[in-house]
Amino acid sequence: MTFKEIILQGIPNTLPEKKHYPKNSNRAPKRKDILSKAEKQLAIRNALRYFPEAWHSILAEEFAQELNDFGRIYMYRFKPDYDMYARDIEAYPAKSKQAASIMLMIQNNLDPAVAQHPEELITYGGNGAVFQNWAQYLLTMQYLATMTNEQTLHMYSGHPMGLFPSSENAPRVVVTNGMMIPNYSQPDDWEKFNALGVTQYGQMTAGSFMYIGPQGIVHGTTITVMNAFRKILQKDENPAGKIFLTAGLGGMSGAQPKAGNIAGCITICAEVNEKAATKRFEQGWVDVLVNSMEDLISRTKEAQSNNEVVSIAYIGNVVDVWERFYEENIFIHVGSDQTSLHIPWTGGYYPVDVSFEEANRLIREAPQEFKENVQSSLRRHAAAINKHAARGTYFFDYGNAFLLEASRAGADVMAENNIDFKYPSYVQDILGPMCFDYGFGPFRWVCTSGKSEDLDKTDEIAMNVLQEIMEQAPEEIQLQMQDNITWIKNAKQNKMVVGSQARILYADAEGRSKIAEAFNNAIANGEIGPVVLGRDHHDVSGTDSPYRETSNIYDGSQFTADMAIQNVIGDSFRGATWVSIHNGGGVGWGEVINGGFGMLLDGTKAAENRLKSMLFYDVNNGIARRSWARNKEALFAIKREMQRTPDLKVTLPNIVDDDLLEKLF
């Protein structure tokens, strides 16, 4: 059968041969054995409903074995034999070009060069899933191949519920992931209901089909690290020869050394998984790979002496690095952590003084002992950071729930009021006031032709648009404009592409709309093929996360999720090709609600109308909320937008005198 025929078939007509897992694949960690006997039977019953009754006796035993071995039913037998990657949009069988673009993005998310655990349909973060199992993938691709522009596919946590009649202006796909009743949104609830096959953790861009490999986090980390050094260095200083210490080289966190190189510092990134560290080294994302502490110390001192710009991956535990660098009197200028602490008990964070192999055994066989080791390690980790901070190190939480989990472990990370953390979130100090409040956030696009020359052309278009805007931009946003012009100029030479021909930069509503309109014109003129627009959920308007995206909201509303819900609803009727809303995000199940979109530009006037309406709302919804929280940068941005757009009328806050409040209680 041809590729198109296999897609159109969906669930095969005959039972495929059982597959053997490939050797040396990066397997997802075994999930917690949390189901009772009756619940395990229910999980099998749920899984078998995808298949004809004649297959049930064979598959029941096989799925039970998967549940015992992995804690999940992945249905590996049904993984298709064709290579998984983003093909040219014309390669997909489809009645709708919009649907074909979604098929392309799904396959990009599952490309082994992009995905962290591709056999288990997990894109990044240890648990960020595109689908729960391979039957869902097959059915979804079949639905997309057969749908028209007057149908919408509704997806419940990876399960394609079906095609429903809609309209040409409706989204082609609506995705929800992990949308639990609030009282059932604890971490063990995810373990239970995901094992039952009724919900999943979509992370952010995994479950919305918008992950573009590590490029997205490279850009965000570059902007963050550049501004972190700006906060601590004198104007005549640069980051060369100065240390940024962090941890994590799997999934998205593997972008850190590349970002450090672009920011121009010494990056030291510890990683306990030798395979993950070696992969990043072989991919060229990190310059130097060392596996002994003595080699790390020697190479670090050499880099400091020579004012180098270099990235060093250390195969080992970052706690050891923090402690040993203190003993060696090696000054760390900027410190953070990007391990997957949103899943601390299932391999997101590995304890110090326990080997990687032994830790994995404990996860499976002695989970309580593993948890105790992790919490002990977090206390040591925080204590070492505190010592360096006393010497002047600038430490920030990079939104991975490090401070949250450290506080839960009893680590010394709380401020004197015992409410706030003693260290800021990177959003509080950097991305919130410097970017999000002004409307700047991660705008992405994918060239569906798969041609590098199309990406080159879009880079050129985007750079020209930003340069034109900058000529008239107010002083308040000049720095953001220049950083992103510099980024896009150098993006190709920094070899950002993994998987699809994709790009990211930070832009506000004006920049996003003008870049998108210029793309659409280029498509109409035959200069490039169709383009998919999207963004990270980690943006101005898409995510409500009190310890990350909305950590610089101080009116109490950081614990509400109205903005994210309004965002996905508002985008859906303003022209998005697909929309998604998730529970879980980058900081953990029950800790965040986040939404995203995808939009196909095909060169038509209809696409132009959609992009102008949707992109404007997608950004300004968030600025409006941030301005109501009295953020001064957001107040500036929304007032400026209302002057440019007479139809925009936003409720503005009246500022209260602090002295008045002091007298009241």
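Which residues form a nonpolar patch on the surface, and with about how much accessible area together? The patch consists of Val656, Leu660, Leu661, Leu664 and Phe665, and together they have about 590 Å² of accessible area. Before going on, the ground rules. This is a predicted model, where local features need pLDDT of at least 70 and side-chain atom pairs count only at pLDDT 80 or more, while totals for chains, interfaces and linings use all residues. Residues are numbered from 1 along each chain as its sequence is written, and side-chain values use heavy atoms, with hydrogens and water left out.

Patches here are made of residues with over 30% relative accessible area and no salt bridge; like charges are joined within 9 Å, and nonpolar side chains (Val, Leu, Ile, Met, Phe, Trp, Tyr) within 5 Å. The areas come from the Shrake-Rupley method with a 1.4 Å probe, and for residues only the protein chains shown count as cover.

There is also a patch of negative charge on the surface, where Asp657, Asp658, Asp659 and Glu662 gather. For charge, Lys and Arg count as positive and Asp and Glu as negative, with His and the chain ends not counted. The place of a charge is NZ of Lys, CZ of Arg, CG of Asp or CD of Glu. Asp658 belongs to helix α22, residues 658–662. Helices (H or I, at least four residues) and strands (E, at least two) are DSSP runs, numbered from the N terminus. Leu664, from the nonpolar patch, is found in the segment after α22. Asp658 has a relative accessible area of 56% and is therefore exposed. The classes are buried under 20% relative accessible area, exposed over 50%, and partly exposed in between, with a 1.4 Å probe and protein chains only.

Next, the charged pairs. How many salt bridges does the count come to? The count is 39, where a salt bridge is a side-chain nitrogen of Lys or Arg within 4 Å of a carboxyl oxygen of Asp or Glu.

I will take three of them. In the pair Glu191 and Arg72, the closest N and O atoms are 3.0 Å apart. Glu191 sits in helix α6 (residues 187–195) and Arg72 in the loop between α3 and α4 (97–110), so this bridge ties together parts 119 residues apart in sequence. Both Glu191 and Arg72 are buried.

The second pair is Arg230 with Asp483, with 2.9 Å between the closest N and O atoms. Distant parts of the chain are linked here: Arg230 is in helix α7 (residues 215–232) and Asp483 in helix α17 (residues 478–490), 253 residues apart.

Third, Lys422 and Asp412 meet in a salt bridge of 3.3 Å, N to O. Lys422 and Asp412 are both in the loop between α14 (402–408) and α15 (426–434), ten residues apart. Lys422 has a relative accessible area of 35%, which makes it partly exposed, and Asp412 is partly exposed at 49%. Elsewhere, salt bridges that share partners join Glu510, Lys514, Arg640, Glu641 and Arg644 into one network.

Now the cysteines. How many disulfides does a search of the whole structure find? The search finds zero, a disulfide being a pair of cysteine sulfur atoms within 2.5 Å. For Cys265, the nearest cysteine sulfur is that of Cys269, 11 Å away. Cys265 counts as buried, at 0% relative accessibility. For Cys435, the nearest cysteine sulfur is that of Cys265, at 18 Å. Cys435 is also buried, at 4% relative accessibility.

Last, some buried positions. Phe51 is in the loop between α2 (37–48) and α3 (56–70), and its relative accessible area of 6% makes it buried. Phe51 and Leu15 are 36 residues apart in sequence and 9.4 Å apart in space, C-alpha to C-alpha. Val568, in helix α19 (residues 562–572), is buried at 9% relative accessibility. From Val568 to Asn520 the separation is 48 residues in sequence and 23 Å in space, C-alpha to C-alpha. Asn46 lies in helix α2 and is buried, with a relative accessible area of 11%.
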